[in-house]
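Please look at the sequence and the structure below before reading on. The report that follows goes through some of the contacts and surfaces in it.

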Amino acid sequence: MNILSNLMFLISSGFLVPVVVALLYFFVRSLFLLGDFISKYVQRMRMEKEWNATMENLNEGNVRELTFSPEIASRPLAVCMRRIVDGNYNEAVADKTISEYELAREKELDQAKILVKFGPILGLMGTLIPMGPALAGLSSGDIASMAYNMQVAFATTVLGLFAGAVGFVLYQTKQRWAKKDLVWLDFVSQLMKQSKNA
């Protein structure tokens, strides 16, 4: 039994360096994603009034004249709307455009979803792995070794929770944005359908 427990201890101790490296990667990644999110948030809030006003005034009579300011016209949502509106309305093309937009948003959400799942998992692993050597140091009276291992354990917990929290906030907010965008795309598609049938 001692051989098996020693083997498990050696294997789990060998995971510490990869876990710490992965946690540092996710921490840095979360900082970059947070910076990108803040930039997109500011842009979206600045354009939200124009989007809402455009959507409120839209009906089957004026949907074909749908236009945006130059700042908004290059945004993916505006490009998809123009693709639905331009030319003779085709329901299959509209559905494909909406599905492609949804897939693109899902891909973007996956980055935040990975942080939500793997941040806390790696943080917990980084907490538990050094606890064995810390307890061994405590039993042998090596307080310095115990203190170092506890420091590693707490630091990895904090990094993992930070990455997970950033991922959670980003995921929730971007998911809400994507749902709102899809509602608008579907609204434009339905107006075009009514306009064509009128």
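Lys-113 and Asp-110 both belong to helix α5, where three residues, about one turn of the helix, separate them. In this predicted model, the two form a salt bridge whose closest N and O atoms are 3.8 Å apart. A salt bridge here requires a side-chain nitrogen of Lys or Arg within 4 Å of a carboxyl oxygen of Asp or Glu, so the pair counts as one. Lys-113 has a relative accessibility of 26% and therefore counts as partly exposed. Asp-110 is also partly exposed, because its relative accessible area is 34%.

Is Arg-105 buried or exposed? Buried means under 20% relative accessible area, and Arg-105 counts as buried because its relative accessibility is 18%.

For the model, the count comes to twelve salt bridges.

Another salt bridge joins Arg-44 to Asp-181, with the closest N and O atoms 2.8 Å apart. This pair links distant parts of the chain, since Arg-44 is in helix α2 (residues 16-56) and Asp-181 is in helix α7, 137 residues apart. Both Arg-44 and Asp-181 are buried.

## The nonpolar patch

Which residues form a nonpolar patch on the surface? They are Leu-4, Leu-7, Ile-11, Phe-15, Ile-114, Phe-118, Ile-121 and Met-125, and together they have about 740 Å² of accessible area. Two elements give two or more residues to this patch: α1 (2-14) and α5 (91-128). The greatest contribution comes from α5, with four residues.

Met-125, one of the patch residues, lies in helix α5. Its relative accessible area is 32%, so Met-125 is partly exposed. The cut-off for joining a patch is over 30% relative accessible area, and the value of 32% for Met-125 is the one to set against that cut-off.

Along the chain, Lys-117 and Gly-160 are 43 residues apart, and their C-alpha atoms are separated by 9.7 Å.

Helix α4 (residues 76-85) packs with helix α7 (residues 143-197) at an angle of about 15 degrees, and their axes are 10 Å apart. Angles under 35 degrees count as roughly parallel, and α4 and α7 are therefore roughly parallel to each other. Their crossing is right-handed.

What is the arrangement of helix α6 (residues 131-140) and α7? The axes of these two helices come within 8 Å and cross at roughly 160 degrees. An angle over 145 degrees counts as roughly antiparallel, so α6 and α7 are roughly antiparallel to each other. The crossing in which α6 passes α7 is left-handed.

Terms used:
Residues are numbered from 1 along each chain as its sequence is written. This is a predicted model: local features need pLDDT of at least 70, side-chain atom pairs count only at pLDDT 80 or more; totals for chains, interfaces and linings use all residues. Side-chain values use heavy atoms; hydrogens and water are left out. Patches are made of residues with over 30% relative accessible area and no salt bridge: like charges are joined within 9 Å, nonpolar side chains (Val, Leu, Ile, Met, Phe, Trp, Tyr) within 5 Å. Accessible areas come from the Shrake-Rupley method with a 1.4 Å probe; for residues, only the protein chains shown count as cover. Buried means under 20% relative accessible area, exposed over 50%, partly exposed in between (1.4 Å probe, protein chains only). Axes are lines fitted to C-alpha atoms, for helices over the stretch in contact, and angles run from 0 to 180 degrees between N-to-C directions. Angles under 35 degrees count as roughly parallel, over 145 as roughly antiparallel, 65 to 115 as roughly perpendicular and the rest as oblique. A crossing is left-handed if the near helix is turned anticlockwise from the far one by less than a right angle, and right-handed if clockwise.
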